[in-house]
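These are my notebook entries on one chain, written down in the order in which I looked things up.

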Amino acid sequence: MIEVESLRKTYGDFPAVVGSTFDVDRGEIFGIVGPNGAGKTTTLKMIAGLVDPSAGSATVAGFDASDPEMRRSLGFLPEESPLYEDMTARSYLDFFADLYDVPGGTATERIEGTLDRLELDHRDRRLGDVSKGMKRKVAIARSLVNDPDVLIYDEPASGLDPLTTNYVLEFVRELSDAGKTVLFSAHNLYHVESVCDRVAIMDRGEIVARGTVPEIREEYGTTEYRVFTSVPLPETDPAGDRHAVTVADMAAVDRVREAAAENGGEVVDIRTDEPSLEEIFLDLAADRADGPRGEQ
Ligand SMILES: Nc1ncnc2c1ncn2[C@@H]1O[C@H](COP(=O)(O)OP(=O)(O)OP(=O)(O)O)[C@@H](O)[C@H]1O
């Protein structure tokens, strides 16, 4: 549904995006994560046809990003979405439905349906007088007025309280359940880990890892094992009424098992300790800390 091939953007000599390649399947939720300045917004804007790439290509629903026809299939949520403060949620969304030539009856039904799903109260209050969370919900509703197949959301939950954040992430999941394709960016890795089918990690303009979270874990993370024994061993620490040690692989687990047996005890539990996306990201970023920003 989205195909991105060697996308690159340079501002003067500065490579903001170094050559992104990925695709997003129909109905999939794909997350781009990375720290401030990694190139997420620039990537999303190039795919949405809002920034011209310096090289490479992007297509959405089969249309090139530069093709105005593509806009019919796309709902874009910018990171900052200033709304017309004097309008109400309803009049604002009616206005955009009109811009997209959505017929009146369909527009009303669609807008009210979306506002119901987003549990948006105060639909007739001035947008200048509503909370930040409500404004974000209105901006999300705006991205849906043309009933697009593909949604590109830049930091949809940025700056929202935890409750509204959960709400927005749940809503993204609902959109995907309804068959929409969602590409979104975040710098909070937990948000991405909790809802995305696949993820690309960006750092300084480059995609440094890509795949499902388990795939990224397998390729870049190291799983550790927490082994609990019934008897104390030189390498264990007390853990409640048991003793525990963290080891790196199954061979080490077997050595703990043998040592426990030699001391008249046994291994009573083994838990795998998988790294979070955040830990993997921090390791990757540390490994690259001294590297250049792409092949400049
Ligand atoms: N119009 C521009 N002119 C010059 N440099 C730019 C322009 N737009 C972005 N950049 C630079 O390109 C880099 C990538 O910016 P981008 O906004 O894509 O990052 P980001 O990952 O979305 O960051 P954030 O999380 O802070 O929004 C940054 O160093 C930014 O300063």
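I looked up Ile47 and found that, not counting residues up to four places away in sequence, Ile47 touches Ile2, Val4, Ala58, Val60, Ala65 and Ile152, where two residues are in contact if their C-beta atoms, placed from the backbone, lie within 7 Å. A residue is buried if 20 or more other C-beta atoms lie within 10 Å of its own, exposed if 12 or fewer, and partly exposed in between.

Entry on the source. I must remember that this is a predicted model, in which local features need pLDDT of at least 70 and side-chain atom pairs count only at pLDDT 80 or more, while totals for chains, interfaces and linings use all residues. Residues are numbered from 1 along each chain as its sequence is written.

Entry on the whole chain. I read off nine helices and 14 strands; helices (H or I, at least four residues) and strands (E, at least two) are DSSP runs, numbered from the N terminus. The C-alpha trace spans about 80 × 45 × 30 Å along its principal axes, and 36% of the 296 residues count as buried. Among contacts between residues at least 6 apart in sequence, 67% join residues at least 24 apart.

Entry on the ligand. I found 13 residues around the ligand, the closest being Tyr11, Ala16, Asn36, Thr41 and Thr42; a residue is near a molecule if its C-beta atom, placed from the backbone, lies within 6 Å of it. Strand S2 (14–24) and helix H1 (40–47) each supply at least two residues of this shell, and the largest share, three residues, comes from H1.

Entry on helix H4. The 12 residues of H4 (residues 132–143) should span 16 Å at 1.5 Å a residue, and the end C-alpha atoms are 17 Å apart, which agrees; the expected span is 1.5 Å times one less than the number of residues. Among the buried residues of H4 are Met134, Val138 and Ile140, and what covers the buried residues includes strand S6 (74–77), helix H2 (89–99) and helix H3 (104–117).

Entry on helix H9. I located Phe281 in H9 (residues 277–287) and counted Phe281 as buried, because 26 other C-beta atoms lie within 10 Å. Phe281 touches Val33, Leu189 and Ile201, not counting residues up to four places away in sequence.

Entry on backbone angles. Glu155, in the loop between S7 and H5, has a positive phi of about 45 degrees although it is not a glycine, and Glu155 is buried, with 21 other C-beta atoms within 10 Å. Arg204 also has a positive phi of about 45 degrees and is not a glycine; Arg204 lies in the loop between strand S9 (198–203) and strand S10 (206–211), and counts as buried with 21 C-beta neighbours inside 10 Å.
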